[in-house]
Amino acid sequence: MPRRWVPVHEDVKVPVVKNIWYAAKTISQANALVIPAAVIAQTATEVFTLFFQGVLFLRILLNIIQGNLTFEYFARMLLLFFGVGVVYEAIIIASDYLQNIGWKRVYKALNNRIFEKASKVDISCYEDPAFYDAYQRATEILTNSIYMAFAVDLSMLLGDAIALVLVIGIVTSIDPMYLIFLAPVAIVFAVEIAKSKLMYKRDLSMTTNNRIKAYSQRTVFLKEFSKDIRTSNIFSVILRRFDKAVTDNIRIIKTYGVKLFLLSMVYSIFGEFIPIVGTYSLASYQFIQNNGSDIAGFSVVLSSINSVRQTTTGISDSLAELTNMALYFQNLHDFFDYESKVVPGEKMAEEFETLEFRDVSFRYPSAEEDALRHVNLKINKGETVALVGVNGAGKTTLVKLLLRFYDVTEGEILYNGVNIKEYNTDSLRRRFATVFQDYKTFALSVYENVLCHEGTEEERAIAEQALRQSGVWDKVASLPEGADTVLTREFDENGAGLSGGETQKTAVARMFARQFDIAVLDEPSSALDPIAEYNMYENLIKATADKTVIYISHRLSSAVLSDKIFVLGDGTVLESGTHSELMEQGGIYAEMFTLQASRYRDEEVEQYA
């Protein structure tokens, strides 16, 4: 069964070790050297500073001071330490180089995977708040550089573990009794893991609030909201939502604060107080009992205990962070493993012949009522068809089902007599050229917006012709860099903006610039004046002379030009026929057409009065 987005609750059990392995594998797939480079560098740092410098070198030096070793032996050891230091510096330089390159590649690879996945998930996901929460938690891997921190903590864990074993070996060689006071350190590891899980639950419970905060902050800077914000009181509502999200986060932090404080106290007692006080007391007692004769042993023990404390703290912190990050990588794992409910078939869509909706019903996810009910209609090759009706009649929903953004709840849609579920989704969609009601242009050049890729010189000529056909070329040609001008100034100070009608014409030009069997135009003239609308339809008729065209509109000017009209209302087909047939019937279509015609006549009288 395909996995669906579900809200992640605080009590969800997440396999930590499995996700640590998954995180390491995911990063290694992007760049195989970055984790080994980080591990080797951190291990070298911990072993060199905590063991060689902090313990071993000190012990040799103090033994020489006490007369237990010769200066010749010290000179050899000094030369050895110098050689180790040179190797250590070489390791650090090489590691930094590999990581500087590697992390950029990891960021690019993970970013591309997340974007690619987000672009292919079901359209229904964008109507599901749980999807946005999952998507936000997945992207936090990148925005907060969690993947880099993961590798750092993994390398610190391994480096500190190796250094801890070496240092404990030195302490044990002096007196095994010290292990009694070091044993409670094991409790620290469990405490840190418990803290990390608690912190993850805290952060998880704040996800929705953080999304509300991000939306509020983003809205202030988006152009499409600027006019409404400045001419209404709407932002005060958004600001209240922002304040509530912050207040809720404070409440959540306080809720978890007491437990985190108690765990921190336990950590301090078993991780620092008992080991330090116990070992220092034992070392002082032995030094006094021996009348201060073993200064080297006493000093090395104190230095070693400090190293043990540092490595223990490092290991516990790394474990805690790795546990926390493993939980975040669980979000990434879930995001990548999401399986679409709209499953492509294997059959390749061939040249269009017929399209049929057969007893189709559909209900949007989480909706209480059907958006479409028992719809039956058929479209043949070369026909111009109009789907008309008031807003909310189900016209756009038909297009979403036709392009398999959703699958029908009941019934079936047939392309050339075959259920569209049997077709490869991409091959099916390539047969259509669609201009959506909520058309968008992107912060790219006009050419790129029309062609949807950079394009060759030959393709740019096609784009220019498409812009002429849509009626916006004169405006585009007047821009600072012509059709190479970037739309909006978000990324380019020389960019330009287009009016609503010009933007819609640019979106329509995409259709003119591509090869297709069926043109689907969802409210293609909603932002155009009557003259521009008429000109656009004239060009559409010429450009689609041998094509199948589906007009979706509550304006009926396109219906007059159609071979067949379907009148939708309340999610079903109420009437069908040609313009003349429907006018003769005197039903819903005739009433709508008469009403609109009288309105246009009134507007024309006012315009020329």
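How many residues does helix α15 have, and how far does it reach from its first C-alpha to its last?

## Helix α15

In this predicted model, α15 runs over residues 457–470, which makes 14 residues. From first C-alpha to last, α15 reaches 20 Å, close to the 20 Å expected at 1.5 Å a residue.

Some of α15 is tucked away: Arg460, Ala463, Ala466, Leu467, Gln469 and Ser470 are buried.

## The chain as a whole

Stepping back, you'll find 20 helices and 10 strands here. The chain has 609 residues, and 45% of them count as buried.

Take the contacts with a separation of 6 or more: 76% of them are between residues 24 or more positions apart.

The largest nonpolar core has 40 residues, and Ile27, Ile35, Tyr147, Phe150 and Phe329 have the most contacts inside it. Helices α1, α2, α3, α4, α5, α7 and α11 each supply at least two of its residues. The top contributor is α11 (295–337), which gives 10 residues.

Tyr147 is a handy place to look around. Setting aside neighbours within four places in sequence, Tyr147 is in contact with Ile27, Trp103, Val106, Tyr107, Leu110, Ile141, Leu142 and Phe329.

There's also a second, separate core of 38 residues, which includes Val388, Ala463, Met511 and Phe516. That brings us back to α15, where Ala463 is one of the buried residues.

Terms used
Residues numbered from 1 in each chain as written. Predicted model: local features only at pLDDT ≥ 70, side-chain atom pairs only at ≥ 80, totals over all residues. Heavy atoms only, no water. Core = buried A, V, L, I, M, F, W, Y, C linked by side-chain atoms within 4.5 Å. Buried < 20%, exposed > 50% of the residue type's maximum accessible area, 1.4 Å probe, protein only. Helix = DSSP H or I, 4+ residues; strand = E, 2+ residues; numbered from the N terminus. Contact = heavy atoms within 4.5 Å. Expected span 1.5 Å × (residues − 1).
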